Amino acid sequence: MTPDGSDPLTIAVRSLVGQALERALDQEAREQLEEAVRRLSRPLRLAIAGRVKAGKSTLLNALVGEELAPTDAGECTRLITWYLHGPSAGVTVHHRDGRVERRPYRRDSGALEVDLGVPVEAVDHLEVTWPSSRLRDVTLIDTPGIASLSSEVSDRTAALLPDGDTRPPIVDAVLYLLRHAHSSDVRFLESFHDDELGRGTPVNAIGVLSRADEIGSLRLDALEVAARVAARYRTDPRIRRLCPLVVPVAGLVGHAGMTLRESEYRALAQIATAPADQLEDLLLTADRFCAEHVSVPLIRSDRQHLIDRLGLFGLRYAVLAIGSGQVSSANELALRLTRISGLDGLRETLLRQFTERSRLLRARSALASVRAVARRGGCADPGYLETAVEEVASSAHEFREIRLLNDLRSGAVVVPESRWEEVDRLLGGSGFGPAARVGLVEGATPPEVSAAALRLLGSWQALAGSPLCGRQLQIAARDVIRTIEGIIADAVPAGH
Amino acid sequence: MKKCATCGRENPVDSSFCGGCGGYLGWSSTGTSTKHGVIAPSEPVVEPVVVLRPEPAPPTVDPGAPLTETVSALEQARLLAEQCRRPDLGRHLEDARARLVAQVLGVAVVGEFKRGKSTLVNALLQTDICPVDADIVTAVPTLVRYGETPQAVAHFSPAGETGAPTVDESVDVDQLVDLVSEAADPARRARLQSVEVWLPHRLLGTGVCLVDTPGVGGLESAHGAVTLSALGQACGMIFVTDASQELTEPEMRFLRQALERTPTAVCVVTKTDLYPQWRRIVELNRRHLAEAGIDLPVVPVSSFLRLRAWRSEGLNDESGFAALFDWIRTEVIDAVATEAVTAASRDLGFVKEQLNLEIVAEQRVIRTPEDGPAVVRQLQGRSDRTRRLMQSDSPWQQVLSDGIEDLIADVRHDLAERMRTLTVATEQVIEQGDPKETWSAVDVWLHRQVVMTATANYDLLERRAQALSAEVAKSFAAESGAPLTLGLSSPGELLRGLSLSQDLPSPGDQGLARMVFAGRTAVLVPSLVFGMVGSNMALLVAMGPIALLLGAGLGRKLIRDERLRQLVHRRQQAKMACKRYVDEAAFVFGKDCADSLRRTRRELRDEFQNRAAVLHESSQRALVSAERATELEPQERQERAVELADQRREVEALTPALVRR
């Protein structure tokens with residue numbers, strides 16, 4: 001995998017966009033195409049979407065590891081905000097009328113406070129550049145919740161989604177936060193359709209079961225229950241069709257783990273020394289913990305701060321972990337919190353599903369842009385360009401893989417149940433590395449990989465040649481065989 | 001101040017429930033309890049959460065303090081009626097009493113998924129009767145009502161055709177959780193329509209019956225529509241949201257619709273123990289409601305604390321349930337009690353009038369004997385009139401049978417009309433897209449539309465049935481009397497209404513989905529066309545470039561045609577499946593409506609016939625008494641006059657007991 005864009009596919013796409021640029025007829029088309037070129041080398045654009053109060057901003061902060069997006073008990077994200085990597089911090093306001101303006105901001109109490117200078121209604125979106133290494137590979141887009149009481153806020157998010165095929169897609173992938181399978185969730189996911197190139201969502205959406213710590217009334221096994229719920233969602237055909245992967249994440253706990261301070265650990269350790277019955281009383285409800293007079297020597301504002309940072313679940317968990325001697329330093333506690341929050345799991349999934357696939361997704365986005373411009377009539381020779389797009393799209397085996405994966409997951413192509421998992425893995429469903437594809441652990445030696453691949457090859461060749469297998473399955477099997485052959489070719493060093 | 005016997009909390013004098021523990025205060029004041037032999041419970045109400053039967057069973061169902069007096073007044077009147085040798089009136093009063101005692105005050109607990117509705121019901125009753133799980137959601141409505149021994153019945157839909165009656169099955173109370181949980185046999189669970197639970201709890205003893213509903217996924221879901229239709233029969237609604245977030249737009253939309261059906265409502269914010277910012281959320285919710293122009297009390301509660309209230313004393317106060325109990329008491333029980341008492345007073349007034357008729361007639365004859373023949377003539381006429389009322393060709397009978405016929409026809413027509421509109425709309429929806437892609441959405445949409453159509457149809461039926469009974473009553477010229485219980489709103493119907501729309505097969509059954517996808521794997525003509533182009537290439541080249549162009553064009557057109565043909569085929573299949581589903585639904589609903597209308601007719605007829613018999617008996621007896629009085633000697637007249645005056649006083653004395661505080 002070549003991240004710098006020198007792989008054959010990116011080169012082909014780049015030259016195609018270049019050809020389209022030469023034929024561009026108007027300024028708008030030129031701008032769109034130039035944007036497409038820029039995006040080929042830019043980080044993946046990942047939107048964080050979901051219902052209002054699903055914990056989107058909290059998750060964003062946890063992913064960046066810094067408190068950037070403002071969070072609140074009430075509904076608070078009202079603008080689409082882009083968080084990009086940049087050499088220095090800055091906030092740009094994009095107005096509805098197309099004006100772009102740098103605005104001052106403050107960061108007194110943690111989160112960014114931007115002085116818009118105009119009413120919220122006049123602003124299209126905000127762009128925040130931040131010198132964080134975690135934003136280098138991925139641009140995060142925070143969105144206002146759907147199903148918000150102010151429908152205007154919901155409309156903004158809906159506008160982010162591509163409509164028709166005359167507009168290029170704005171985002172490459174989406175993290176969709178589910179609190180529970182609501183009908184408005186499913187409708188939202190369904191509207192997140194691309195044009196024919198990606199044809200749908202199963203490959204560019206991950207479901208996140210957010211606020212996982214609150215499932216089951218904050219009992220200490222909440223995250224186990226959350227994992228169970230997530231597993232059930234994965235088997236729900238309605239959800240699987242839209243995002244086949246659902247990961248539970250407790251954003252608040254994760255964020256606390258990422259940014260835990262020594263002073264906070266000391267305060268927690270102090271609470272943990274209280275006798276068991278006092279502790280139980282103290283941690284019974286949030287109100288009790290923040291009461292004026294309590295049995296632990298910790299002033300009220302400190303306690304308030306702790307519960308805001310960790311939530312009642314995080315608090316109970318941290319106190320228990322310290323009290324039972326499982327952790328003995330701020331560092332250990334931070335690691336533990338991050339791990340149980342599911343944030344690590346999400347990161348790993350992101351790496352597997354999107355960051356590795358981002359080259360493909362970006363190339364696909366660029367092709368979609370060219371196609372959109374051609375269809376709109378923004379270029380001379382649209383027929384030629386469309387044919388060229390088709391050529392690139394159909395010759396890249398990666399696209400075929402991704403399309404087949406999508407068809408499989410949406411149920412459009414049916415493979416025998418016994419092979420489902422295998423084929424999903426082979427097509428890169430759980431990672432693009434050759435070892436992951438053939439079902440071996442990461443770090444398997446090339447001979448091991450090629451041996452496993454050869455075994456698979458035989459079985460798939462038998463399937464493809466079977467007269468009993470349907471035409472659709474035969475086509476699918478041929479694609480899979482090509483994938484396996486590719487793995488074997490890569491595993492065997494040149495010259496053998 | 002009334003002190004609660006169980007928790008010791010001081011309550012306002014006129015309260016019937018303790019604001020603290022929810023215990024019934026009637027038992028703590030000696031006045032009513034000894035009279036009816038109600039034994040004050042010895043053990044405290046609050047018990048560990050795990051105990052399933054937390055309440056000692058009171059020996060009789062007590063309808064609640066304001067009703068108790070009315071019940072005793074009715075009892076007195078009955079004794080008097082029997083003294084006056086009027087067993088028919090005695091029966092009338094007995095019926096009125098039974099109605100009063102069996103009064104069911106349905107309180108529906110509604111809200112989105114996972115907001116803690118079942119937990120709230122459990123916390124209200126301090127039991128664990130409603131299955132609660134972090135993952136599994138309540139899938140069927142659960143009706144919790146009063147019973148002397150805890151028991152549960154599960155209502156299953158019949159295995160065979162739709163429209164057959166439901167199958168009831170007694171379930172062990174402890175096994176309810178297994179029944180609705182994931183572990184249960186999925187086929188069995190799919191047929192489960194509703195669960196009815198009887199518990200010996202004092203709150204329920206007052207006639208309150210709690211309905212735990214499945215979560216509504218906004219108005220779009222079929223569940224939402226079903227819940228809405230059930231709300232039409234509830235006396236009160238507890239709208240549940242939680243402290244994790246402010247009210248959302250779908251919630252507000254649902255709330256607005258629900259309030260149209262059940263204006264008596266409260267908004268409960270649960271889980272206040274978990275969120276430090278719950279006060280903010282409550283404040284925000286109040287503001288949202290005010291902005292929407294909805295006047296609704298917002299009550300923050302913690303079911304968690306209330307379920308643990310037995311552990312320490314302060315927890316119950318902290319849980320915030322007192323306010324919820326206050327609401328149930330003032331808004332539901334007292335309001336309904338007032339209505340019930342008014343109805344009972346009307347019954348009593350009717351009986352009084354009937355008893356007086358005889359006495360007054362005799363008194364008039366005795367006081368002025370020369371009027372005797374005129375009075376007898378008058379009564380003769382009256383008796384003739386009442387006899388006519390009892391005959392089957394009397395005008396009111398005509399009004400009733402004509403009215404019901406019209407009603408059945410109208411409701412049927414309305415249903416057919418709605419279903420036809422729906423079929424047309426469905427076809428348009430299918431035409432707009434390719435069923436291959438849109439089918440799952442169409443399936444959900446159609447199911448919802450059908451339920452909503454049925455609900456609207458049912459509303460019409462109820463409205464019209466009520467109007468008809470008013471018309472019959474007018475024709476009957478019954479100026480006073482009990483409000484007629486229509487077959488449509490009895491408590492059993494509450495559950496039937498809920499299950500009504502669930503026993504329909506979902507149109508998205510496997511068969512169709514398979515059919516739709518089969519379209520994709522069917523023999524593909526385009527590939528044959530390609531094959532032809534390939535094998536005949538040599539020939540085509542020989543024929544020259546024009547022919548090649550033609551061939552290519554032909555191939556492309558064939559592909560397009562084939563695609564179109566498949567699409568049309570898929571659409572046709574989808575339309576047929578939808579039509580079948582709508583027909584099936586129309587059939588089930590049509591039968592259901594006709595059945596309940598026939599039941600209504602029977603009940604109305606019986607009710608009025610009974611009344612006619614009572615009236616006739618009264619006029620007949622008045623006639624006999626008056627005739628007898630004309631033949632009395634002056635001496636006997638004097639004695640009789642005294643007797644009659646006494647009787648009259650006794651009858652008149654029935655009134656004061658009924659005047660409510």
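# A chat about chains A and B

Student: How much of chain A is buried?
Tutor: Buried residues make up 56% of the 496 residues in chain A. Buried means under 20% relative accessible area, exposed over 50%, and partly exposed in between, with a 1.4 Å probe and protein chains only.

Student: Where do these values come from?
Tutor: This is a predicted model, in which local features need pLDDT of at least 70 and side-chain atom pairs count only at pLDDT 80 or more, while totals for chains, interfaces and linings use all residues. Residues are numbered from 1 along each chain as its sequence is written, chains are lettered from A and ligands numbered from 1 in the order in which they are written, and side-chain values use heavy atoms, leaving out hydrogens and water.

Student: How many helices and strands are in chain A?
Tutor: Chain A has 21 helices and eleven strands. Both are DSSP runs numbered from the N terminus: helices are H or I with at least four residues, strands are E with at least two.

Student: New topic. How many disulfides does the structure hold?
Tutor: Zero, over all chains. A disulfide is a pair of cysteine sulfur atoms within 2.5 Å.

Student: Which cysteine sulfur is nearest to that of B:C267, and how far away?
Tutor: That of B:C130, 20 Å away. B:C267 is in no disulfide.

Student: Is B:C267 buried or exposed?
Tutor: Buried, with a relative accessible area of 0%. B:C84 is buried too, at 14%.

Student: Now the sheet in chain B. What is the strand order?
Tutor: The open sheet of nine strands runs β6-β5-β7-β4-β8-β3-β9-β10-β11, with mixed pairing. Two strands pair if DSSP finds at least two bridges between them.

Student: Which strands are at the edges?
Tutor: β6 (167-171) and β11 (298-300) of chain B; each pairs on one side only.

Student: How do β4 and β8 of chain B run?
Tutor: Antiparallel, joined by three bridges. B:T142 stands opposite B:D212 in β8(B).

Student: Which strands does helix α10 of chain B touch?
Tutor: Helix α10 (residues 278-291) touches β9, β10 and β11 of chain B. Contact means heavy atoms within 4.5 Å.

Student: Last one. Where is B:H616?
Tutor: In helix α21 (residues 545-630) of chain B. B:H616 counts as buried, at 13% relative accessibility.

Student: What does B:H616 touch?
Tutor: B:S383, B:T386, B:R387 and B:M390, not counting residues up to four places away in sequence.

Terms used:
Axes fitted to C-alpha atoms, helices over the stretch in contact; angles between N-to-C directions.
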